[in-house]
Amino acid sequence: MARPLVIVGDSMLDVDIEGRATRLSPEAPVPVVDTERVWQRPGGAGLAAVLAARAEHDVVLITAVGDDADGRALTDLLAHAGVTVLALPMSGTTVCKTRIRAAGQSMLRLDHGTGVAAGNAVPNPVADVLARARAVCVADYGRGVTAHQGIRELLTRVADDVPVVWDPHPRGAVPTRGSALVTPNEAEAANNSPESLRRLWDAGAVCVTLGGRGALLATENGNVHIPVPGTTTHAGAGDTCGAGDRFAITAAQALGAGADAHAAVVAAVDAASRFVAAGGAVGVSTAASVDGNHSAAGETEVITDDVAIVREQIRRSGGTLVATGGCFDLLHTGHIRLLRQARQLGDTLVVLLNSDASVRALKGPRRPVMAAVDRARVLAALACVDAVVIFDETSPERALDQLRPDIWVKGGDYTEADLPEADVVRRHGGEVVLLPTVAGYSSSNLIAAARS
C-alpha cells in the first residue's frame with residue numbers, strides 16, 4: 001500500500017481580486033480598482049496540500065472544514081487538485097481572506113470567518129493515515145487544528161517513526177516533541193536563535209527562514225547558513241504568499257525520501273525561491289467569474305488554427321502562458337485533472353490539439369472517433385481552458401515555436417526524453433512540467449472497450 005504525504009493544519013479560502021488603479025475615488029483620496037480578474041485557491045494548510053499534489057499522487061489533508069458556501073468552494077478546489085480531505089468538525093464559519101491587488105501590489109486585505117477546529121474525538125481514518133504516512137507536514141495557521149489534543153497525541157506518537165515538518169504560527173500551538181524539522185520565519189522565531197528553539201521544542205532540527213537571504217539551520221551538529229542558489233533568479237522578489245508552504249512541503253518530501261535535514265533545507269530554499277520568482281500563489285489559483293467571463297485572455301478566439309493570433313491576443317493581457325497538448329479523443333477524468341492542474345500553473349491555458357490527420361498518423365486509421373472540431377468544442381467549454389489551437393503535424397514543435405509558452409505541460413506518463421518539443425520550449429525561455437497522471441484512465445482503452 002502506498003504511503004501518503006499527509007498535511008495537518010488550518011485551511012481557508014484565499015481570493016485575489018486583481019485590476020488596475022488609474023484614478024482616485026471622488027468620495028475620499030483612495031484609489032479605485034477596476035477589477036480585471038478574480039482568483040480563488042485553498043489557503044493555509046490547503047495551499048500546502050495543493051502544492052504537494054502537483055508532484056505527489058497520494059496527498060491527504062487533515063483539516064477542519066465548515067459547512068458554508070466558502071467551505072464548499074474550498075472543498076471543491078481541493079478535490080479538483082487531487083487532494084483527499086479528512087475533515088475535523090469546525091465551530092464557526094470558514095475563514096476567507098481576500099486580497100485586492102493592482103499592478104501586482106497588494107492594496108488591501110479583507111478577512112471574514114470565525115472558524116476554528118472543534119471537538120475532542122479524532123476520526124479513525126485520521127489515526128490510520130497518520131500511522132502509514134511517509135512524511136507529515138504541519139501547517140499551523142492558529143485556527144485550532146494543532147491545538148486539538150487528539151491530533152497532538154497522534155503527532156507525538158508518529159514522530160518516532162515518521163519525519164514531521166512543523167511550520168509554526170505566532171497564534172498557533174507549540175510544536176509537539178520529536179518533530180524532525182521546525183521552520184519558523186524570522187518574525188516567528190522572535191529573535192531566538194535556531195539552536196535555542198531546537199532545545200525548547202525538542203526537535204531534531206530548526207530552520208529559521210530568511211526570505212531572499214535563504215535560511216539558518218540548527219542541528220545537533222551545529223548551525224549553518226544556507227543561501228539562495230545563485231542560479232535562482234529574482235530571489236526574494238515578487239509575491240511571497242505561499243512561499244513558506246512551498247518551503248515546508250519540499251522539506252517534508254525530501255525527508256520522506258530519506259534526505260537528512262541539511263539536504264532537505266537546501267532543496268526547500270531552492271524550491272521556495274523559484275516559487276516566488278514564478279509568481280507565487282497566483283500560479284496555483286483558479287480563475288473565478290468576473291461578469292460571467294472566466295477567461296484571462298479577454299477576446300481571444302477560443303478555437304482556431306492560427307497560433308500567431310492566439311499568442312498576440314494572450315500576450316497583450318499579460319501573465320503566465322501555459323500550454324499543453326494531445327489528441328483528447330474521448331475526454332476522461334485523467335484529462336480533466338491534467339487540464340485543471342495545468343491552468344493552475346499560470347494565467348492562461350492554451351491546448352494544442354492534434355488534427356484528424358495528425359491523430360490518424362499517430363493512432364492508426366480508425367482514429368479519431370471524434371472529429372477535431374468536436375474535440376475542440378468540448379475542450380473550449382471547460383472553464384480552465386482559454387483557447388484551443390488545432391495543428392496538423394504529429395509533433396507540436398512548430399506550433400510551440402510560434403506560441404512560445406512560459407510553461408509546457410505533459411502528463412507524468414512521459415519523460416523529457418520522450419518530448420522532442422522540450423528543446424523548442426526551452427529555446428524560448430519556457431519550462432517543461434510533467435504532472436502526475438490518474439491511473440486507470442486511457443482514451444485508447446475506453447475506445448477499445450466500447451468497440452468490443
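**Reading the predicted model: strands, helices and a buried arginine**

User: What makes strand 14 (residues 215-219) largely enclosed by the rest of the structure?

Analyst: Buried means under 20% relative accessible area. In this predicted model, 4 of the 5 residues of strand 14 count as buried, so the strand is largely enclosed by the rest of the structure.

User: How do you know that strand 13 (residues 206-209) and strand 14 pair?

Analyst: Pairing takes at least two bridges between the strands. Strand 13 and strand 14 have 4, in the antiparallel sense. Val206, for one, sits opposite Ala218 of strand 14. The two strands make a hairpin with 5 residues between them, and Gly211 in that turn has a positive phi of about 65°.

User: Why are helix 1 and helix 7 called oblique to each other?

Analyst: Helix 1 (residues 45-53) and helix 7 (residues 243-256) pack at an angle of about 50°. Roughly parallel would need an angle under 35 degrees, and roughly perpendicular starts at 65. The pair is therefore oblique. Their axes are 9 Å apart, and helix 1 passes helix 7 in a right-handed crossing.

User: Which residues make that contact between helix 1 and helix 7?

Analyst: Helix 1 brings Leu47, Ala48, Leu51 and Ala52, while helix 7 brings Asp245, Arg246, Ile249 and Gln253. By class, that's 5 nonpolar, 1 polar and 2 charged residues. Asp and Arg count as charged, and Asp245 and Arg246 are both on the helix 7 side.

User: How do helix 7 and helix 8 pack, and at what angle?

Analyst: Helix 7 and helix 8 (residues 261-277) pack at about 145°, with their axes 8 Å apart. Their crossing is right-handed. From helix 7, the residues in contact include Phe247, Thr250 and Leu255, and they meet residues of helix 8 including Val265, Phe275 and Val276. The contact divides into 15 nonpolar, 1 polar and 1 charged.

User: What makes strand 17 and strand 22 edge strands?

Analyst: The open sheet has 6 strands in the order 17-20-19-18-21-22, with parallel pairing. Strand 17 (303-304) and strand 22 (431-435) each have a single partner strand, so one side of each is left without a neighbour in the sheet. Helix 12 (residues 372-380) packs on the sheet, touching strand 17, strand 19 and strand 20 (387-391), and its direction makes about 165° with that of strand 19.

User: How do you know that strand 18 and strand 19 pair?

Analyst: Strand 18 (residues 321-326) and strand 19 (residues 348-354) share 6 bridges in the parallel sense, against the at least two required. Thr324 stands opposite Val351 in strand 19.

User: Why does Arg367 count as buried?

Analyst: The cut-off for buried is under 20% relative accessible area. Arg367 comes in at 9%, so it counts as buried.

User: Where is Arg367 found?

Analyst: Arg367 is in the loop between helix 11 (356-363) and helix 12. Its C-alpha atom is 9.1 Å from that of Ala357, 10 residues apart along the chain.

Methods
Residues are numbered from 1 along each chain as its sequence is written. This is a predicted model: local features need pLDDT of at least 70, side-chain atom pairs count only at pLDDT 80 or more; totals for chains, interfaces and linings use all residues. Side-chain values use heavy atoms; hydrogens and water are left out. Contact means heavy atoms within 4.5 Å. Axes are lines fitted to C-alpha atoms, for helices over the stretch in contact, and angles run from 0 to 180 degrees between N-to-C directions. Angles under 35 degrees count as roughly parallel, over 145 as roughly antiparallel, 65 to 115 as roughly perpendicular and the rest as oblique. A crossing is left-handed if the near helix is turned anticlockwise from the far one by less than a right angle, and right-handed if clockwise. Buried means under 20% relative accessible area, exposed over 50%, partly exposed in between (1.4 Å probe, protein chains only).
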